[in-house]
Amino acid sequence: MSKYDELAARFGTPAYVYDLDVTAQSRDQLFSLLPEGFAVYYALKANPHPEIARELREGGCRAEISSTGELANALTAGFAPEDILYTGPGKTDGELDAAITAGVRLFSVESLTDLQHVGAAADRQDTVARCLLRVNTTQGSASTGIRMMGRPSQFGVDAETLPELMPLFKAVTGAKIVGAHFFTMSNAQDEDALLGEYEFVLQSASQLRQEVGLPLELLDIGGGFSSPYAVPGERTDYPKLRNGLEQLLDLYLPEWRSGEVELACESGRYLSGTCGTLLAGVVNVKESRGHRFVILDAGINVVGGLSGIGRLLPAAVGVEQVGDNPGQLVGPLCTPGDSLSKAAKLPELSAGDLLTVPNVGAYGVTASLISFLGRSAPTEVVVRGDEVISVSRLDYQRAYEVSP
């Protein structure tokens, strides 16, 4: 009996299993790819589980959040407030008050009004917030991955407006611009394309500092590191990245070596993606007009991969068990949209068998339609090798503010 068979027998299915040893390997690999001294922010949106976040923190990562829920998870994981970066285009007054009360002092801002909201919240608590100005540049260099700049967007200040707006940014009370935040692309498998994006970012940052006086105490160059999602595979390696980044920094920001500019990047799926495996039980196998349907107890409610916004879920989820029997993998939901693979190559299966989906440590439970049709959330099992660290399940309950 395999480890996953044992865990499924103990805790049932569907269940996510997160291996902290793999989390640590991902973290250490990313640090090894970057120049010495780079700060790495873990984007909790990928997986806010406190045990995963704690493992990353213990190896030197900081936290990047965009909600008070993620703030609570970051604090539970032991992140110091000063190691938390609060981002996002829709920060409410209530969220800002809560973050500043908790001790968060670093924010990424997307507009002049966003900065004014942060400054007003800091003023209310008689403090000053340090802010990174997220910049939406006019173009980018790469053509792969998900583009995040160079088009109209709710994210970032349009670079061409900065000459006019910079004096207004610097005049906001309660907030001090201390640097810049760029995020150009996501999931870049081509190393040359990723380095091309970083060159464009560093060139842009240097130019904006010279031309409009953009401060650069801290420069967050974004992420873009690629890792497989819900299919077998390994994290992308970038053997030229460290040396390539050092050369680019020497060219555009040579003072980085003396520590005058603090450098950072961010990652979600690269740090947590490969640590997770979904255990899915076979509920039934049926034939319909020449097609075989393998019905699982896990569907898009469990491994939806942001399918609600049309992102991340691959065309076909890849299970680790393969064979010569074609079939469609479907979930338990009452909708034909609950399809995980239309042409999987599977072994002979029957009710009670176990299938495993690898590389779902990022964008798994909390990115899925877990409240759809009222089904229970999957169990989340955290392990370190063969040792079970914790077992939990998210629980959504209706809380009445006015009783019927």
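Like charges are joined within 9 Å, and nonpolar side chains (Val, Leu, Ile, Met, Phe, Trp, Tyr) within 5 Å. Areas come from the Shrake-Rupley method with a 1.4 Å probe, and for residues only the protein chains shown count as cover.

This is a predicted model, in which local features need pLDDT of at least 70 and side-chain atom pairs count only at pLDDT 80 or more, while totals for chains, interfaces and linings use all residues. Residues are numbered from 1 along each chain as its sequence is written, and side-chain values use heavy atoms, without hydrogens and water.

**Exercise 1.** Find which residues form a nonpolar patch on the surface.

Step 1. The patch consists of Leu369, Phe372 and Leu373. Together they have about 240 Å² of accessible area.

Step 2. Leu369 lies in the loop between strand E17 (354–357) and strand E18 (379–384). Strands are DSSP runs of at least two residues, numbered from the N terminus.

**Exercise 2.** Decide whether E18 is largely enclosed or open.

Step 1. Count buried residues (under 20% relative accessible area, 1.4 Å probe, protein chains only). In E18, 5 of the 6 residues are buried, so the strand is largely enclosed by the rest of the structure.

Step 2. Look at its partners; pairing takes at least two DSSP bridges. E1 (residues 15–19) runs parallel to E18, with 5 bridges. Here Asp19 stands opposite Val383.

Step 3. E19 (residues 387–392) runs antiparallel to E18, also joined by 5 bridges. Val382 faces Ser390 there, standing opposite it.

Terms used. Patch = residues over 30% accessible without salt bridge, like charges linked within 9 Å, V, L, I, M, F, W, Y side chains within 5 Å. Salt bridge = Lys/Arg side-chain N within 4 Å of Asp/Glu carboxyl O. Helix = DSSP H or I, 4+ residues; strand = E, 2+ residues; numbered from the N terminus. Buried < 20%, exposed > 50% of the residue type's maximum accessible area, 1.4 Å probe, protein only.
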